[in-house]
Amino acid sequence: MHASKIYTPNMFGLFKVHMFQSGSYIVQEVIDGQRFIVKHIFAEKREKWSRTECEVIFDPGRETFKCECVMYEHMEMLCGHALRVMISLGITEIPASHIMRRWTRDAYRDMPAHLMIYQNDSPAMKSTSFCHSALYRTAIEIVQMADTNPESYEVAMSHFLDAMPILSETSKIKDGLGLEERLHASGQQIQDQGDRYESSSLRPNMVAPPKRKELGRPTTARSWPGYEKVSVPRIKFCTICRSRSHRSNGCPSNWNKKPRREAHCSNCGIAGHRKTNCLTTNY
């Protein structure tokens, strides 16, 4: 399924809920291929307490869906009404205009526009100069050390902020050897030849290892966070005196509790037996 490849696991679980709900609707086409009325199959039972009908407008040119429930405008995820129309139109993939990047698996690669060339999968990053490689390695090492505790973070961030005003003045003089200058000078040529460079400027211990798929069926066990793992059993207290040494049934503070009244026969009133085995009932 297309959604399972682009959405994160949590968002794909939400998408499956909407997809399941889309099976409860029927589609009525009002305008050929553009305007639809989506109605719930149990509209007569639900119309007293819920909305059972929505209008969905499809723009073939932009490949966009607009539903009256405005769920996409609210949380940027297609609703069951729009998904039902997609199925009726034979659309098997979610249109790119309705894919919110922050809900996708590649959301971590988002960077500001002026830093897009520094993405890991950018071909320009594989053909850098010695100065650029040295700066890149040093910056990565500083980030790695500064991320260990709050004090290191404050020291690194203060030096970064102090260096920015100085670099803004010295960087005005350009020698034409920087990465951005070389991209502007021969940008298309670098993009075309970028796939020929296979070496990376990062050291082997800095490159993330390739993802290894484990053999066998994936586990369904939930991964427990550290704060939920309890190595010591929970301490139990007495509900009367709040002591740890005993329970409420053996609490010393409960010694003056009134003894339970002895049961009497409801037939003859004599203690020691019940009505079911009373001798007077045999006569």
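**Exercise 1. Determine how S1 and strand S2 pair, and over how many bridges.**

Solution. Step 1: strands are DSSP runs of E with at least two residues, and helices are runs of H or I with at least four, numbered from the N terminus. Step 2: two strands pair if DSSP finds at least two bridges between them. Step 3: S1 and strand S2 (residues 35-40) are joined by 6 bridges in the antiparallel sense. Step 4: as one example, Val-27 has Val-38 in S2 as its bridge partner. In general, the strands of a sheet pair through backbone hydrogen bonds, parallel or antiparallel.

The model is a predicted one, in which local features need pLDDT of at least 70 and side-chain atom pairs count only at pLDDT 80 or more, while totals for chains, interfaces and linings use all residues. Residues are numbered from 1 along each chain as its sequence is written, and side-chain values use heavy atoms, with hydrogens and water left out.

**Exercise 2. Give the strand order of the open sheet and name its edge strands.**

Solution. Step 1: the sheet has 4 strands in the order S1-S2-S3-S4, with antiparallel pairing. Step 2: strand S1 (25-31) and strand S4 (64-67) each pair on one side only, and these are the edge strands. Step 3: on average, neighbouring strands of this sheet are turned by 25° against each other, direction ignored. Step 4: helix H5 (residues 80-89) lies across S1, S2, S3 and S4 and runs at about 70° to S1. Axes are lines fitted to C-alpha atoms, for helices over the stretch in contact (heavy atoms within 4.5 Å). Angles run from 0 to 180 degrees between N-to-C directions.

**Exercise 3. Decide whether Thr-52 is buried or exposed, and list its contacts.**

Solution. Step 1: buried means under 20% relative accessible area, exposed over 50%, and partly exposed in between (1.4 Å probe, protein chains only). Step 2: Thr-52 counts as buried because its relative accessibility is 12%. Step 3: Thr-52 is placed in the loop between helix H3 (43-46) and strand S3 (53-59). Step 4: leaving aside neighbours within four places in sequence, Thr-52 is in contact with Val-38, Lys-39, His-40, Ala-43, Arg-46 and Glu-47.
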